[in-house]
Amino acid sequence: MVQHSQTDDRRRLTEVEITQLLSKLPDWKRENQTIIYTHTFNNFIESINFINCLVEPAETLGHHPDILVSYNRVTISLTTHDQGGLTPLDFQLAETISNLVKTFSETSGKQCNIN
């Protein structure tokens, strides 16, 4: 996990840092100054339940994703708008989201497991 001071979390990353951090998130892709992840769930209800799982980690970081829902497909986009690009916060939240997807998909009740 990316760990910096709170002020440092909002500093814009260099190209080298972005490449290194993105290499640890194979399911995410980069488009300009945004990282994007798309996941297909079994149905609309699962999609919405998963989105609800994002509330706590996003609020905890004070960093909120852009989310697009197309029935059972959820696309999450992360960038730090006030910095005009990618910051450590984007990668912290991306890592959390990737972990949530794994635990969410593994539970038969499709429950959040944030720990």
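Predicted model: local features only at pLDDT ≥ 70, side-chain atom pairs only at ≥ 80, totals over all residues.

Biologist: Which residue does F44 form an aromatic pair with?

Modeller: The general idea is that two rings can pair if their centres lie within 6.5 Å, and planes under 30 degrees apart count as stacked. Here F44 pairs with Y71: the centres are 6.5 Å apart and the planes are at 15°, so the pair is stacked. F44 sits in helix α2 and Y71 in the loop between β3 and β4, so parts 27 residues apart in sequence get tied together. Y71 is exposed, at 52% relative accessible area.

Biologist: How many aromatic pairs are there in the whole structure?

Modeller: Five. One of them is F41 with F104, an edge-to-face pair at 5.7 Å centre to centre and 90° between the planes. F41 is in the loop between β2 and α2, while F104 is in helix α4, so this pair links parts 63 residues apart in sequence. F41 is buried at 4% relative accessibility, and F104 is buried at 1%. Together with F50, F41 and F104 make one aromatic cluster.

Biologist: Back to α2, then. Which of its residues are buried?

Modeller: E46, S47, F50, I51 and C53. They span an arc of only 150° around the axis, which means they lie on the same side of α2. What covers them includes α3, β3, β4 and α4.

Biologist: And what caps the N-terminal end of α2?

Modeller: That's N43, with a side-chain oxygen 3.1 Å from the backbone nitrogen of I45.

Key: Residues numbered from 1 in each chain as written. Heavy atoms only, no water. Buried < 20%, exposed > 50% of the residue type's maximum accessible area, 1.4 Å probe, protein only. Helix = DSSP H or I, 4+ residues; strand = E, 2+ residues; numbered from the N terminus. Arc of directions from axis to C-beta. Contact = heavy atoms within 4.5 Å. Polar contact = N/O pair within 3.5 Å; in protein donor to acceptor, adjacent residues only side chain to side chain. Phe/Tyr/Trp six-rings, centres within 6.5 Å; stacked < 30°, edge-to-face > 60°.
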